[in-house]
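Visitor: Please show me the model. I would like to ask how its labels were reached.

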Amino acid sequence: MVLLAFSATMTGILYAVLIVGGIGLLIGAALGIAGKFLAVKVDEKEIAIREALPGNNCGGCGYPGCDGLAAAIAKGESEPSACPVGGAPVAKIIADIMGVEANIVPKVAYVACSGDCDKAKDKYNYCGNMSCQDAANIPGGGAKACSYGCLGLGSCVKVCEFDAIHIVNGKAVVDRDKCKACGKCVAACPKGLISIIPANVQYMVKCSSKDKGRDVMQACTAGCIGCGLCAKNCPYQAIDFEFNLATIIQDKCRNCGNCAQKCPKKVIEKI
């Protein structure tokens, strides 16, 4: 009786194992078939591009991280040279993956302000939070006598991942050798003083003040006074004026340097 009972128990266990195993095989087969039919096709170019990108996920390209940029390049929605961190070497690799030629234009951040501690006056001593945004929200736009000038509190420095911008004598200064043109400093500046420019640009107006000349001179010894001498002496009509501020039209500029020589305030600099 005991042997019969044991035999019956073992038989039941074997049946259970076989049934469970059979169901597992059926489910596995069904999942395998479903996986083939429902699989999301991945662009091999996108994978290769993602592997070529540096992986900083800085957002300087305008996309949500390197994955987003890789997908955009693979779809033809962005240029192979869109990654500011990777620069020319990465752009060349991606261009080869896409089978195109890379339009590589190195870029760098530029601070359009000359108002350091020696040149710009202060209206008062600021003792609040060490944030440019907080200072800019104060009536008058901060302690600087020039309401357009760099506040020098380092919000741009804090967001830079490449140690490429520092506060020197009360004003932000870009280290061109370290800058990757990611644009984070541009977004961090409440005064809109920082822009991303082609690295081969030679002349820039180092001022952002739109005040009239008399008001500029009262606030800063190195501001654009809107005299117009730069425009009058430019043989290529490459200087424009808007709101009392000179602007160099880079497409027309031939880097002759006349504007910098004639500027009485030496606001136009060769960079």
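Guide: Helices (H or I, at least four residues) and strands (E, at least two) are DSSP runs, numbered from the N terminus. I23 is found in helix α1, residues 2–38. This is a predicted model: local features need pLDDT of at least 70, side-chain atom pairs count only at pLDDT 80 or more, and totals for chains, interfaces and linings use all residues. Residues are numbered from 1 along each chain as its sequence is written, and side-chain values use heavy atoms, with hydrogens and water left out.

Visitor: Why is I23 called partly exposed?

Guide: Buried means under 20% relative accessible area, exposed over 50%, and partly exposed in between (1.4 Å probe, protein chains only). I23 has 44% relative accessibility, so I23 counts as partly exposed.

Visitor: Which residues make the nonpolar surface patch?

Guide: I19, I23, I27 and L31 make it, with about 400 Å². Patches take residues with over 30% relative accessible area and no salt bridge; like charges are joined within 9 Å, nonpolar side chains (Val, Leu, Ile, Met, Phe, Trp, Tyr) within 5 Å. A salt bridge is a side-chain nitrogen of Lys or Arg within 4 Å of a carboxyl oxygen of Asp or Glu. Areas come from the Shrake-Rupley method with a 1.4 Å probe; for residues, only the protein chains shown count as cover.

Visitor: How many disulfides are there?

Guide: A disulfide is a pair of cysteine sulfur atoms within 2.5 Å. The count by this rule is zero.

Visitor: Is C207 buried or exposed?

Guide: Its relative accessible area is 11%, so C207 is buried. C182 also counts as buried, at 11%.

Visitor: What makes β2 and β3 a pair?

Guide: Two strands pair if DSSP finds at least two bridges between them. β2 and β3 have four, in the antiparallel sense. I165 stands opposite V174 in β3.

Visitor: What phi does N169 take in the hairpin of β2 and β3?

Guide: A positive one, near 55°, and the hairpin has two residues between the strands. Most residues other than glycine have a negative phi. N169 counts as partly exposed because its relative accessibility is 34%.

Visitor: Where is A181?

Guide: A181 is in the loop between β3 and α7 (184–188). Its phi is positive too, near 60°. A181 has a relative accessible area of 11%, so A181 is buried.
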